[in-house]
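Subject: Structure handover

Hello,

Here is the structure I promised to pass on.

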Amino acid sequence: MKFQVSDTGIDASALSAELEDVRCGAMASFEGRVRDHNEGQEVLRLEYEVYRPLATAEGMNILNEARSRFDIADAVCAHREGVLEVGETAVIVLVVAAHRDAAFKACRFIIDEVKRRLPIWKKEHYADGQAHWVNCRIDDSAGAGTRSGSGP
Amino acid sequence: MKQVTVRLFAAFREAAGTETLECSTAAANVADLFRELCEQHLGLRPEAAALVAVNDEMADWHSPVADGDRVLFFPPVAGG
């Protein structure tokens, strides 16, 4: 199990090679890439801020939870930080298991928890020169964000 | 009064105009501490999906504040 944060490009084939295991007939993967638009705006680049000490520890917690919930052999996840251009890989999840059902389910669980729990923030830079933290209303006086939760 | 160190991230840091604050507080828990900061710093305000950590462990909003704690306030996260 390995969770890593990287300020350079993610090498998916190197990560995949680490998961070679003849007992495993399935490898499921998810790769998140920077897309060129969000909510009607043209996106030029993204900027990821990561609090590494906790992101790494909580990322490992997520991978260990996946292994206890699903019948998988191993999993790795890598997440970028810093400035990413459109088309670059922002996150990758790889899971190996004897059978595909557990691999798919664990892969989905891991990416969902990564998005929900890790101290990682994403700032979108738009073609019109504006920039905005995703999911956060604090720099959006119009109050477009409507996420609910149990915050202060 | 307790002395705590507060660290702010991403949108919270930009709104407050600073990353680190040394605070004297009587706050019983981290939610009260955050409310105090919202009253002190123009632009910092409650976010329903915000998260909090104390001494590099994820915490909940009822977690107590102790003298010497390092409290991290995370605006809504957006990894992936």
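Below is what was found in it.

This is a predicted model: local features need pLDDT of at least 70, side-chain atom pairs count only at pLDDT 80 or more, and totals for chains, interfaces and linings use all residues. Residues are numbered from 1 along each chain as its sequence is written, while chains are lettered from A and ligands numbered from 1 in the order in which they are written.

Confidence comes first. pLDDT is the predictor's confidence in each residue, from 0 to 100. Chain A averages 92, and 90% of the residues score at least 70. Residues 141–149 of chain A fall below 50; this stretch still has 13 contacts in the model beyond near neighbours in sequence. A contact means two C-beta atoms, placed from the backbone, within 7 Å. Where pLDDT is low, the predicted coordinates should not be read in detail.

Next, the sheet in chain A. Four strands form an open sheet, ordered β1-β5-β7-β2, with mixed pairing. Helices (H or I, at least four residues) and strands (E, at least two) are DSSP runs, numbered from the N terminus. Two strands pair if DSSP finds at least two bridges between them. The edges are β1 (2–6) and β2 (26–33) of chain A. β1(A) runs parallel to β5 (74–80) of chain A, and five bridges join them. Q4(A) has A78(A) as its bridge partner in β5(A).

Now the place where the chains meet. Chain A gives 30 residues to the contact and chain B gives 26. On the chain B side, α1 (10–16) and α2 (30–40) each supply at least two residues. α1(B) gives the most, with five.

The largest nonpolar core has 64 residues, and F73(B) is among those with the most contacts inside it. Such a core is a set of buried Ala, Val, Leu, Ile, Met, Phe, Trp, Tyr and Cys residues joined through C-beta atoms within 7 Å. Buried means 20 or more other C-beta atoms within 10 Å of a residue's own; exposed means 12 or fewer, and partly exposed lies in between. Leaving aside neighbours within four places in sequence, F73(B) touches V6(B), L8(B), F12(B), F34(B), A50(B) and V52(B).

Last, a backbone detail. Most residues other than glycine have a negative phi. E39(A) has a positive phi, near 45 degrees. E39(A) sits in the loop between β3 (37–38) and β4 (41–50) of chain A. E39(A) is exposed, with 9 other C-beta atoms within 10 Å.

Best wishes
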